[in-house]
Amino acid sequence: MTAPIAAGPARPIQNIEQTFPKLTSAQIARIATHGRKRRVEKGEVLIAVGKTIPLFFVVVEGTIDVVQPAGRTETTVMVLSPGDFSGEVSILSGRRSLITLRVATPGEVVELDREALLQLVQTDAELSEIFVRAFLLRRVALIAEGMGDVILVGSNHSSDTLRIKEFLTRNAYPYAAIDPDSDRDIQDLLDHFQFAISDTPVLICRGRTVLRNPTNHEIADCLGFNESVDQTQKRDVVVVGAGPSGLASAVYAASEGLDVLILESNVPGGQAGSSSRIENYLGFPSGISGAELTARAYTQAQKFGADMMIAEGAARINCSQNKSYTIQIQSGDRITARTVIIATGANYRKLPLDNMARFEGVGVYHGASHIESQLCKGEEVIVVGGGNSAGQAAVFLAQAARKVHILVRGRGLAETMSRYLIRRIEESPEISLHPCTEITAVEGDDHLERVFWTTDGSAPEAHNIRHVFVMTGAEPCTKWLEGCVTMDSRGFIKTGPDLTREELAAAKWPLPRPPHLLETSRPGVFAVGDVRAGNIKRFHSSTRRCRSKNGCILSRLSRTTPRRGRGRTTSSRPVRDARLPRALRRTDSTHFARQLEFHDAGRGWENRPLELGGVHRAAAPDDYERHPLRDQVVQVRHDLGRHLDRHASRGSRGEGNQAITVRDGAERWRLHYQCAAR
Ligand SMILES: Cc1cc2nc3c(=O)[nH]c(=O)nc-3n(C[C@H](O)[C@H](O)[C@H](O)COP(=O)(O)OP(=O)(O)OC[C@H]3O[C@@H](n4cnc5c(N)ncnc54)[C@H](O)[C@@H]3O)c2cc1C
C-alpha cells in the first residue's frame, strides 16, 4: 500500500467538548464490560475509509489519528487521546466509513463490536446520550467541511442537480458541489471530455466512479447505503415509507425489541423533511425544521437497531398468505414480514397545465426548504394552495423572497389553514393573498419565466415570476398495493372502525376479532399517517397514533413469536412482562385485565378479545396509554383512570373481580379486571 505523501493539519472543530467529549474512568470501565481491552501498535489501521465499520474504540492509552484520505494525500481531522472514543452516525447505520482511524502512538483501547455498541446505547441512558450527540455532531462537522467522498458537478438551474443535492443532504451525506455556470474552467473540462447536457449533473462517487446524471437508486448503490441490510431474514415488522409516521412506527417497534426494516423509495423524512419549520409539534415551542426533526427520528430508529433501505421502495405486496407477507422491492428482491406497516404518505397534486412538468425543479417546486429559498432570494414567488403546507411555505419564503403571492381558488384560508399561520400571513407585509385565483399558463425556456393567472374569471394577467410553489393537496401512494387492502374512493387506506362489516366480508377478513384501530382489512397489515383514510394531514397525527398501534403489532407477534432484537438474544420472558415500563412497577396494586366488552345497540354486549390477557399494574391514569389494552380502551382511559384512582383512594386493595362500564358518546365499553394485593 502506498503511504500518503502529505498530512494536512487538524481542522478546528466547533463545539469540541460535545463533539469529542472525554469519558470518565468509570464510564470506560462500564463500556469495557461489553467488549475487550487490547494493545494497539503504531501504524495499525483500526478502521479504513470506504469499509463498513465493524468496531468501536475507546482510547485508554496512546493516541489515534482520525484522517480523511483524498487520493494520495490526507487531512487529519482529529487526534484521539485517552478518554476519547471513535465513531459517527455510520456506525449506527452500518454504512461505510468516511474516515480512517490509524494508531499514532502505541497504547491500549477498549474494543466493542457494532452489535455490542447498539446494545449499550439501548441500555445505558447516560452513555447513549453522550454517544448519540457526539455521533450527530461529528456528522454535522463533516457536512460543514464538505468532507465526504462525493463531488457533485452540476448547474444550480438543473432539476437533477437539485434532486441529487436533496438526496445527499437528507441522507446526511457530506459532499462538495461545483456549479459549472459559475466556474468556466469546469464547464471547459466537461466540454473537453464530451459530457453532453443529458450527462450532467456528474457525480464523482467515492473519489473513483464517475456517474452521469445518476438516479437516486444508483447513488445509494454506489455509496453502499443498503449493503449491510440482510434481505433474507424474515422481519417482525417491515415499515414501508420513512416519513414521520414510518419513522415513528420504526422507533416504537424497534424500541420494543422487534426486528424492524424500513423501506424508503426516496429519502428519509418524507414530506415533513421538506418542511421549513414545524411549529405545531409538541415539545418544540420555537419550531424545528422538518429535516432536523426527521433526521433525529432516523438516528433514533437506528439507535434501537432498525434497518433502513434507501431509494429502495416497495413495488408489490403478496397478501395471499395470512401469517406473513412478501414485499417485492424495486430491485426485484423479496422481503418477508410478519407484519407490515404502510406509511407511504401522499404525493402533491400537480397543476393540470400543459407545460408545467417541464419546469419541475426549475421554477416549479412542491416543497420549500432552504435550498429552494436560496434560489428565489430577492425575487417574487407564488405559492399555490390554502393548506398548512402552503401557509408555512409562504411564511418561510417571505424571509428570502421580495414578495410572496398566495393563490387560492376559494374565498379565503379560514377553512383550510391553522389559525396561527393565517395570522402570520396577515401580519407579513411581504405576503399577498389572492382569493378566487388560478394559474392558467406558464412560460419559459430552460427556466420558468412567466406566469398567467386569472381572478374571479377575469382575463388572464401575465406576471414575470420565476418560482411557483405548488401545494395543492395530495394523492395517496397506494398503487403498489394493487387492491391488497380496502381503500376509500380516493385511494386512501381504511382501517379499524372505518371498515364496515360489508367491506370486511368482501375482503374475507379471517379472524373472529375486528381489525385493530390502525389495522387494515388484512390481519397484520397496518396503515399510518397521511396514507390512512380520515387522517388529518398533519405531522403530529402521523406520529401520535404510531405508539398505540405498536400494541396491536406486539399482540399479533406475541401469538407467533417471542420478541427479538438485533444485537440482543431472544427473550425468554413473556412479551407482556418484558414491555412493562418501569413506572408501572412502582404501584402497590395489581390489575389483571380479564375481559373487554363493547356494547352494540343491536346486539348487546360483545366480547372484544384481550390479545395479551394483559397483566397490568396501574399507577396513574396515563399508564393506560402504555397498557397492552390501550387500543381497545383508549377512548375510555381517562374515566377508567378516575375509577382506578377512586379505587386506590378508598384504600381498597380490591381483591377479586371488578368491572367498570364507561360511556364514550353513544358507545359503551365494559372492562372486567381482577385486583390483587401484592
Ligand atoms: C412543505 C411542507 C410543510 C409542512 N408543514 C407541516 C407543519 O408545519 N405541521 C404539520 O403538522 N404538518 C406539516 N406538513 C404535513 C406533514 O409533513 C405530513 O402530514 C407528514 O409528513 C405525513 O407523514 P407520513 O409519514 O404519513 O407521509 P410522508 O411524509 O408523505 O412520507 C411518506 C414516505 O413514504 C415514501 N414512499 C412512498 N411510496 C413508497 C413505496 N412504495 N415504498 C417505500 N417508500 C415509499 C415516500 O418517499 C415518503 O418518504 C407539511 C408538509 C409539507 C410538504
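A residue counts as buried when its relative accessible area is under 20%, as exposed when that area is over 50%, and as partly exposed in between (1.4 Å probe, protein chains only). This is a predicted model, in which local features need pLDDT of at least 70 and side-chain atom pairs count only at pLDDT 80 or more, while totals for chains, interfaces and linings use all residues. Residues are numbered from 1 along each chain as its sequence is written, and side-chain values use heavy atoms, with hydrogens and water left out.

**Helix H6**
- In helix H6 (residues 159-170), the buried residues are Thr161, Leu162, Ile164, Lys165, Phe167, Leu168 and Arg170.
- These buried residues pack against several elements, including strand E7 (150-153), strand E9 (202-205) and helix H8 (216-222); contact means heavy atoms within 4.5 Å.

**Helices H9 and H10**
- Helix H9 (residues 244-255) packs with helix H10 (residues 290-303) at an angle of about 30°, and their axes are 9 Å apart.
- H9 is therefore roughly parallel to H10, a term for angles under 35 degrees.
- H9 contributes Leu247, Ala250 and Val251 to the contact, and H10 contributes Thr294, Ala297, Tyr298, Gln300 and Ala301.

**The whole protein**
- The secondary structure comprises 18 helices and 32 strands; these are DSSP runs, with at least four residues for helices (H or I) and at least two for strands (E), numbered from the N terminus.
- Of the 678 residues of the protein, 54% count as buried.
- Among contacts with a separation of 6 or more, 67% are between residues 24 or more positions apart.

Technical notes:
Axes are lines fitted to C-alpha atoms, for helices over the stretch in contact, and angles run from 0 to 180 degrees between N-to-C directions. Angles under 35 degrees count as roughly parallel, over 145 as roughly antiparallel, 65 to 115 as roughly perpendicular and the rest as oblique.
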